[in-house]
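Student: I would like to go through this structure and ask, for each label attached to it, what value stands behind the label.

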Amino acid sequence: MSGHNPAPRPYRRGGTVHEMFGWCARRWPGAVALVHGDRRVTYAELDAASDDYAVALDAEGVGPGRLVPVLMPRTPEFIAVLLAVLKRGAAYAALDRGWPAGRLRDLITRLDGPVVVTTDVVTTGDQAWPLPSWRPPADVCAAAAAHRRPEPVSVGPRDPSVVYFTSGTTGAPKGVVSPHAGTVRLFDECAFAPLGPGSVLAQAAPPQWDGFVLDLWGPLLTGGTSVLVDEPIVPRTLRELVARDGVNGAFLTTALFNMIVDEDSGAFEGVGWVLIGGERVSPAHIRRFLRRHPGATLHNMYGPVECGVVVTAHDVRPTDCDDPDGVPLGRVLGNTEVHLMDGDRVCADGEAGELCLGGDGLALGYLGDPELTTRAFPQVTVDGVTRRVYRTGDLGHWAADGTLRFGGRADRQVKIRGHRIEPAEIERNAESVPGVTGAAVLPVRGPGGACKDLVLYYDGSGAEETVRKELERRVPEYLVPGRIRRLRALPRLANGKLDHRALERLTRPADAPAGGAEPVTAGEKAVARLVGEVLAAPSVPRDVPVFALGADSLDAARLCARIDAEFGVPIPVSQVFRTPTVAGLAGWLAGVEAGAGRPAPAVSGGVPLTPQQRAHLDDPANLCRLVWRVGGELDVAALAAAVGDVHRRHEALHARYGAAGEPVAVPAADPGHPEFVRLPGYPDPQAALTDVLFRPLDISAGRVWRAVVTGEGDRTLVGVAVHHVAFDGAAESVLAADLGTAYRARRAGRAPDFGGPAASLADLAAAYHRGVALADTTAQLAYWETELAGLTEAAFPGRLTSEEAAGPKHRATRTVDAAALAPWEEYVRGHGTTRLVYLAAAYARVLHTLTGQGDVAMVVPTARRGGPAGVTCRVDSLCLRARAGDSLDTARDTVGRALAAQDVPFAEVAQSLFMAGDGAALLSAPMLLYQDDPPPSLDLPGCTAELVRPDTPTTSAELEADVRPAGDALTITVTVRTDRLPARYADEVAAGIGRVLAAGPAPLLSRR
């Protein structure tokens, strides 16, 4: 055996995973094997239950050599199923129920097993999967009590035990078939961690990932306890696991370890040892951990799934953090081989070479791909002996002390948060999206060199949001790049090959904004991390406004929601505009206690409505409407069931809204059934559907929404109408996503899994009132009273008189392309502000010309985002005042001050102005709507769904400019009420805004 590899040794406790577990069950039958919440399962119970499950699986055709897909949540029953599959001589493949349905069906087909083991039972309709399904009994203890014993089967160390699917260069995932010996060699005589009786590990690694071996089979094959964790490990949950369940050891990905060290290193108190791996380690984080916990041991692990998860381990010392070669990968584990090769030549000590792995951990190959298996697992000659190895693509060398050192990658493969990723797989999937011509994926690296994220560059006609949605549909979440950017053309070299260096130069500016200082305090680092998550930026400086980094108002709202979840502080969106830097937000948070803010006012018998919602109570026809044109065979019964699921899920959709006394929403104890209308064939289905959608709704009786379907064959219209008291633009995508989730499940014959309950009306109201409580609304109201004092009504030439609440309308539309917008966007980014600034400035300039007035105002609807996402109404307004001669910088200041004062309800602002005699101008002020909410995409398997926004014949606003993103362009639609203003104003205003934007910002930069 080559010098640095230990001599082979026989296994003493069994040659298979289930044999080793059986050895432990006989040795420690009463010891606790699994903990899940309040449940405790002993080794004897788990062994007996898996026996009983194995008998049932035998009847389903599960036997030696078969590959069994398992789709179950992380429960004791799930673990018993895995053991049962192994006891039948088969191998399991744990699949994620959250993966795209098409990907799951493909993987299940490739596994070609006799059955799918799942807790999702198909009761009606077509089979959800291309195989029959078997549902294990719901209680592992009941199965243990029954304890039927399976017939023994012949299975050995080199037989398959598990299949892991990992990213592949062809665009399809690779199925790595791993033998029992790959796991047995780690734990038969575990030399890299103090596993054994008394060891308690949190089982948090995804079962689909090879790291699952360490925190599940590690304790179960050595007499320890595995604590099944239902939520991601964060400092708070780690502390709870230590205190409640006695967790004393942990396996964490390097990224997760770093995060806990950053946020709360004290959370490791009570954890005696930690294993880390999955990606390059950070010496700075290791040093801080060891200083805080000098009595704990920290092990750096290395190994790919193709060689049984772990091949080397190193007990990290403080001196390793100063080693110029980095923290060592360590020494080779038992029954494992590591050879450094330069082609077919073995490298000498100190010489860099490719890590080629062998031994008992070596995978059997790639499922159904013998050609790839032969390439990846070649025969090499070492010390005169021909051996089968796996070529990792990793580079390294043997140090003088006999430890293995890492030297980078020889190919493009990267690891992010423990997931191994082939950029080529993402590129192939992106290039299959209609409209995409070419694609290139680059890693985004952090300060320590580790890959923190991915950026996808592509050319073609596909919109960025479309590409993202398609990738989310085709691949798991971890394969969807955080940043997706469309280029006019991918840069290429003279020989036609992709110019990766040019793309790297494009990537760098977002990684390290010029002049930015790194976050200093733990609070700043936490806020910076949240900003980075929202903006898909690997590093965020402490002193650069988030808007200068590319954030918009929607991003600000997302950031507030994440800060609320992280710190327990409901931060108003206005605060982001007041203190838009990481340092400013962290400083504000430091002055606010967690959980601060008064709760929603107590109202007997219901949830209080916001001032914005109260304004919608008296109009039963104040509806928000969405229509999708559906192509393909729509399952109307499944859609009707899905509408019912969404109706029951969201309290806002089945509550009763009343204004008697204090305006409240009263959630229904029995949600009842939603109004679902199936229209027969009509000569004009669009008109028939519109007629039903526009009918009023009696919200006092809990009739808050309706769904309508019309059409036949492969052309159908699906519409929904929701009363505005319960719905706004931000709720559109929430409802559409839930409707798609429910339809997919009902079409497959099962109840939908939404991944958790929806926010209740009480939750949404509490978040709103906490946010308002944290804002200085008295100061904000004073600002508005001063800013809008003396406001005069817009003097439109040719104005008519009408006493009607609404009237007929005329509209005109213009599109401003990306080239014209580029200098405006550069201004926005360079000054750390939002797109609303230049839209308001352009609109104001047109209004000055149209009215001949030097002082004009516009009302801008805003969304009170923040807190939990849900179906509700949180739309309010603010008023922007513009004077002739205002520069773009003046507009920026005006918008900034307005957004910083948006927490006081606009109804209170209007009431105060009317009392001062200045409110009349608000009644007829032109409106500017910037619609930046994500589009409500409806995902219906087997169908296409195109959003069609139904038009209304009337409008209440005299003049309204509606601006919506259209890829890199903007679509501007101007509507006038023709019983108040001449119809030509729509065309003149739309054309005028277009001309201002086409001229660029220069004319507005040096005014007055």
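Tutor: What follows sets several such labels against their cut-offs, in a model that is predicted.

Student: Why is T222 called buried?
Tutor: The relative accessible area of T222 is 8%, and buried means under 20%, so T222 is buried. This residue lies in the loop between α7 (212–220) and β10 (225–228), and, not counting residues up to four places away in sequence, it touches R13, C24, W28, F187, L195, G196 and P197.

Student: Why is E908 called partly exposed?
Tutor: E908 has a relative accessible area of 37%, and since buried means under 20% and exposed over 50%, with partly exposed in between, the value places E908 in the middle class, so the label is partly exposed. E908 lies in helix α28 (residues 906–915), and its C-alpha atom is separated by 7.9 Å from that of L781, which is 127 residues apart from it along the chain.

Student: How do you know that the span of helix α30 agrees with its number of residues?
Tutor: At 1.5 Å a residue, the 16 residues of α30 (residues 984–999) should span 22 Å, and the end C-alpha atoms are 23 Å apart, so the two values agree. Just after this helix, G1000 takes a positive phi of about 85°.

Student: Which elements do the buried residues of α30 pack against?
Tutor: The buried residues of α30, among them Y985, A986, V989 and L997, pack against β36 (807–816), α25 (818–830), α26, β42 (959–966), β43 (969–977) and α31 (1002–1005). Leaving aside neighbours within four places in sequence, L997 is in contact with V816, A820, L821, W824, Y838, L839, A842 and I972.

Student: Which residues have the most contacts inside the largest nonpolar core?
Tutor: They are L928 and L997, in a core of 94 residues. Helix α26 (residues 836–851) gives the most to this core, with twelve residues. A second, separate core of 86 residues includes V70, A84, Y92 and V309.

Student: What makes β36 and β43 a pair of strands?
Tutor: At least two bridges are needed for two strands to pair, and β36 and β43 have eight, in the antiparallel sense, so they are counted as paired. Within this pairing, T815 stands opposite T971 in β43. β36 also pairs in the antiparallel sense with strand β41 (residues 954–955) over two bridges, with P808 opposite T954.

Student: Why are β29 and β31 called edge strands?
Tutor: Three strands form an open antiparallel sheet in the order β29-β32-β31, and β29 (607–608) and β31 (656–658) are its edge strands, as each pairs on one side only. β29 and strand β32 (residues 664–666) pair over two bridges, and V607 stands opposite A665 in β32.

Methods:
Residues numbered from 1 in each chain as written. Predicted model: local features only at pLDDT ≥ 70, side-chain atom pairs only at ≥ 80, totals over all residues. Heavy atoms only, no water. Core = buried A, V, L, I, M, F, W, Y, C linked by side-chain atoms within 4.5 Å. Buried < 20%, exposed > 50% of the residue type's maximum accessible area, 1.4 Å probe, protein only. Helix = DSSP H or I, 4+ residues; strand = E, 2+ residues; numbered from the N terminus. Contact = heavy atoms within 4.5 Å. Expected span 1.5 Å × (residues − 1).
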